[in-house]
Amino acid sequence: MAPSDIEASLDGDSKLEHVEEIENASRVDPELERRIVRKIDCRLLPTTAVIYLLCYLDRSNIGNAKILNSSTNDTLMDSNNVSNYQYTIAMMVFLVAYSVFEAPSNLALKIFHPHRWLGLLVISFGCFCTGIGFTHNFAGLAALRFLLGAAEAGAFPGMIYYFTFWYKPAERASRIAVFMCSATLSGAFGGAIAYGVGHLNGARGLEGWRWLFLVEGVPTIAVGLLVFLFLPSYPEKVGWLTDEEKEAQALRLEASGSSGEDKLNWKDAKETLLSARLYIHYLTYLSISAGVASLSLFAPTIIAGLGYTDIQAQLFTVPPYAVAYVVTLGLAWLSDRLKCRGAIACGSQIAAAVAFIIQAEAYTARYAFLVIATTGAFGGLPSLNAWVGDNIHTTTARSITTALNISFSGPGQIIGVWIYRAQDAPAYRLGHGVNAGMSFLAASLAFGLTLYYRRQNLKMEGTSQTRWVT
């Protein structure tokens with residue numbers, strides 16, 4: 001089956017109705033549309049940003065716990081008698097669960113409604129994070145990390161899918177970036193929190209790393225309860241949009257097939273799974289994930305290798321993520337503004353690859369290029385996550401595609417878990433070299449997809465078919 005045939009089946013009748021949909025969208029008053037988007041932004045963006053901030057804190061704090069209070073031998077490794085190999089396994093089982101449960105979780109979100117499912121997930125991973133603070137051996141740590149991965153698996157793809165019920169394709173990358181940048185912000189916050197919590201070492205008989213899991217896990221449970229009770233699921237159901245605004249919102253989203261009322265369609269699911277084009281998107285995301293995961297988990301270790309020790313090393317994890325936060329938001333805004341996904345993702349990954357290479361070879365410059373590598377690794381994520389959904393036009397296909405795209409990150413993240421080996425300290429040339437290669441691969445795939453979509457658009461000139469987003 002040719003790509004155009006597959007997309008016709010994925011899009012349903014959207015291409016045939018393209019002209020009518022544009023006319024519908026054009027009937028929405030621009031000022032009314034801006035008012036609707038402002039209302040949605042004010043209610044969705046802070047909530048989803050907080051959810052993902054807590055999600056990323058709860059998954060990556062194990063990297064801080066590994067070296068926290070090392071000068072007094074009160075780290076996670078010391079207290080639980082965990083070897084470096086067992087520590088790596090504990091990180092990997094999280095990713096195995098994360099990969100396996102993403103697609104089922106996205107389907108569950110549609111069945112049980114977003115506010116209920118997302119709320120349940122947040123409560124669950126908050127409980128598992130808190131529980132890690134009470135473990136005393138490797139078995140308990142590994143079991144809770146697996147459960148944490150299963151619970152967090154649905155949060156990220158679920159929120160991306162959730163945004164398709166509220167935003168047009170051209171609006172999504174910058175909105176996705178707002179909550180995705182919480183990952184970079186959590187890196188900054190995580191280091192600062194670990195720095196502060198490290199001073200609680202021994203308080204009430206608990207090591208500092210146990211306090212770290214408690215301080216970050218308990219608030220997550222509280223936020224999950226609020227999400228379950230108050231997060232709006234679909235525009236059609238909320239009371240803070242007027243009838244006029246609801247009608248206009250329906251027209252806004254009609255062209256992208258994003259209604260929350262659409263039912264799951266198993267024919268669309270089958271066609272989505274057979275689309276070869278989408279697997280290039282998934283492979284691109286797999287490639288980019290190695291750097292993101294390894295930096296999230298090993299940034300404190302890499303910085304400790306530069307001579308910064310114990311609590312001080314936690315503090316030096318803040319600048320790379322602070323810079324990445326600002327740059328990622330800017331690139332996402334540019335991506336929406338220019339309607340350009342592939343070129344931005346490609347450019348950010350090239351920057352990351354070059355920075356990783358320099359880190360591997362130029363030891364004295366490693367901290368500066370760690371900042372650049374972190375910025376490049378995270379910079380293309382919003383564009384890639386928006387891109388894979390931009391060219392899909394049914395709710396079932398989008399649900400599966402979004403989840404599969406992120407679930408493919410699992411193997412990439414597993415690669416990231418293994419490449420920064422203790423025996424390679426302090427230069428970690430293997431880790432930086434692998435990350436450079438994976439970043440170049442991601443850049444090449446993004447560039448190839450961009451060329452493919454532009455070529456397809458040239459073939460459709462003069463027709464009423466929906467254009468591909470490049």
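Reply: The largest nonpolar core has 109 residues, and Phe 156 and Phe 179 touch the most other members. A nonpolar core here is a set of buried Ala, Val, Leu, Ile, Met, Phe, Trp, Tyr and Cys residues joined through side-chain atoms within 4.5 Å. Buried means under 20% relative accessible area, exposed means over 50%, and partly exposed lies in between, with a 1.4 Å probe and protein chains only. The model is predicted: local features need pLDDT of at least 70, side-chain atom pairs count only at pLDDT 80 or more, and totals for chains, interfaces and linings use all residues. Residues are numbered from 1 along each chain as its sequence is written, and side-chain values use heavy atoms, with hydrogens and water left out.

Helix H3 (residues 30-67) gives the largest share of this core, 15 residues. Helices (H or I, at least four residues) and strands (E, at least two) are DSSP runs, numbered from the N terminus. The core lies between domain 1 (47-235) and domain 2 (265-469), because both give residues to it; the domain bounds come from an automatic or database domain assignment.

Phe 179 is in contact (heavy atoms within 4.5 Å) with Thr 48, Ala 49, Tyr 52, Phe 156, Met 159, Ile 160 and Phe 163, leaving aside its neighbours within four places in sequence. Apart from this core lies another, of nine residues, including Tyr 282, Val 388, Ile 392 and Ala 397.

Ile 392 sits in the loop between helix H18 (381-390) and helix H19 (395-407). Its relative accessibility is 0%, so Ile 392 counts as buried. Its C-alpha atom is 9.8 Å from that of Thr 402, ten residues apart along the chain. Asn 391 is found in the loop between H18 and H19 and is buried, with a relative accessible area of 2%.

The structure holds six cavities of 30 Å³ or more. On a 1 Å grid over the protein atoms alone, a cavity is a set of points where a 1.4 Å probe fits but cannot get out, and lining residues have an atom within 4 Å of a point. Grid points are joined across faces, edges and corners, and a volume is the space filled by probe spheres set on the points. The largest cavity holds about 140 Å³ of space. Its lining has 15 residues, and Tyr 52, Tyr 56, Phe 156, Tyr 285 and Val 292 lie nearest its centre. H3, helix H9 (169-197), helix H13 (276-304) and helix H20 (409-418) are the elements that give two or more residues to this lining.

Past H20, Pro 426 is found in the loop between H20 and helix H21 (429-459). A cis peptide bond joins Ala 425 and Pro 426, with omega about 0°. Tyr 428 has its place in the loop between H20 and H21. Tyr 428 is not a glycine, although its phi is positive, at about 50°. With 6% relative accessibility, Tyr 428 counts as buried.

Conventions. On a 1 Å grid over the protein atoms alone, a cavity is a set of points where a 1.4 Å probe fits but cannot get out, and a pocket is an open set with protein on both sides within 12 Å along at least five of seven lines; lining residues have an atom within 4 Å of a point.
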